[in-house]
Amino acid sequence: MADVQSHGFRGLHKYTLPDLPYDYDALEPAISGDIMRLHHQKHHQAYVTNYNKALEQLDDAVSKGDASTVVKLQSAIKFNGGGHVNHSIFWKNLAPVSKGGGEPPKGPLRAAIDNEFRSLEVLIQKINAEGAAVQGSGWVWLGVDNELKRLVIETTKDQDPLVTKGASLVPLLGIDVWEHAYYLQYKNARPEYLKNIWNVMNWRYAGQVYDKECP
Ligand SMILES: [Fe+2]
């Protein structure tokens, strides 16, 4: 019993920083190596570290029956856990041009885009307009509602994952519009960052997720 008290009631999973699937400089000129290095090694690492820390504190509080600490930890868990979830998707949403980055979507996802948004160009314009309009820090998403089988464009604030906007929403593409994602290179020109990121967008990944959610 003493062991359970001091170590919590179950083994805790430790989250780790996932490797980037390409080199830090591989997305240039759309996104500089300096931004990618800082964003991955410092920002994403901090979300992972702080998520693990909050989960350890939660485990400790739960094992002690400390209800007010359990409640107090929820915002740190949502913020840092969301940061880890969102960035883990974001790295896969991007690809060097040599690995298909920027290649337009094909197959069922392309058909759904053309059907629901008239064209890829219209979809990109809408995502860029929504992303530019996010106040402060957040994300703009292209997702699929896997119940209604429809594409959705949504924004979330801070590090809220897309699922906070609806339990049936699955992200296909997420664009980080926090200043840390573009400021070193683009300064305050978020629309320019949003325009250029499509040159390294990994539509192959989005298509694979879409095919899984809408077979
Ligand atoms: Fe970020």
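Lys187 lies in the loop between helix 7 (183–186) and helix 8 (190–197), helices (H or I, at least four residues) and strands (E, at least two) being DSSP runs numbered from the N terminus. The structure is a predicted model, in which local features need pLDDT of at least 70, side-chain atom pairs count only at pLDDT 80 or more, and totals for chains, interfaces and linings use all residues. Residues are numbered from 1 along each chain as its sequence is written, and side-chain values use heavy atoms, with hydrogens and water left out.

Most residues other than glycine have a negative phi, and most peptide bonds are trans. Lys187, although not a glycine, has a positive phi of about 50°. At 46% relative accessibility, Lys187 counts as partly exposed, a class lying between buried (under 20% relative accessible area) and exposed (over 50%), with a 1.4 Å probe and protein chains only. Arg118, in the loop between helix 5 (107–117) and helix 6 (120–133), likewise is not a glycine and has a positive phi of about 80°. Arg118 is exposed, its relative accessible area being 67%. In the loop between helix 1 (2–7) and helix 2 is Pro29, and the peptide bond from Glu28 to Pro29 is cis, with omega near 5°.

Helix 2 (residues 33–64) and helix 4 (residues 74–93) have axes that come within 8 Å and cross at roughly 140°; axes are lines fitted to C-alpha atoms, for helices over the stretch in contact, and angles run from 0 to 180 degrees between N-to-C directions.

Gln159 is placed in the loop between strand 2 (150–157) and strand 3 (169–176). This residue is buried, with a relative accessible area of 1%. Not counting residues up to four places away in sequence, Gln159 touches Tyr47, Lys78, Phe79, Gly82, Gly83, Asn86, His87, Trp139 and Trp178.

Technical notes
Contact = heavy atoms within 4.5 Å.
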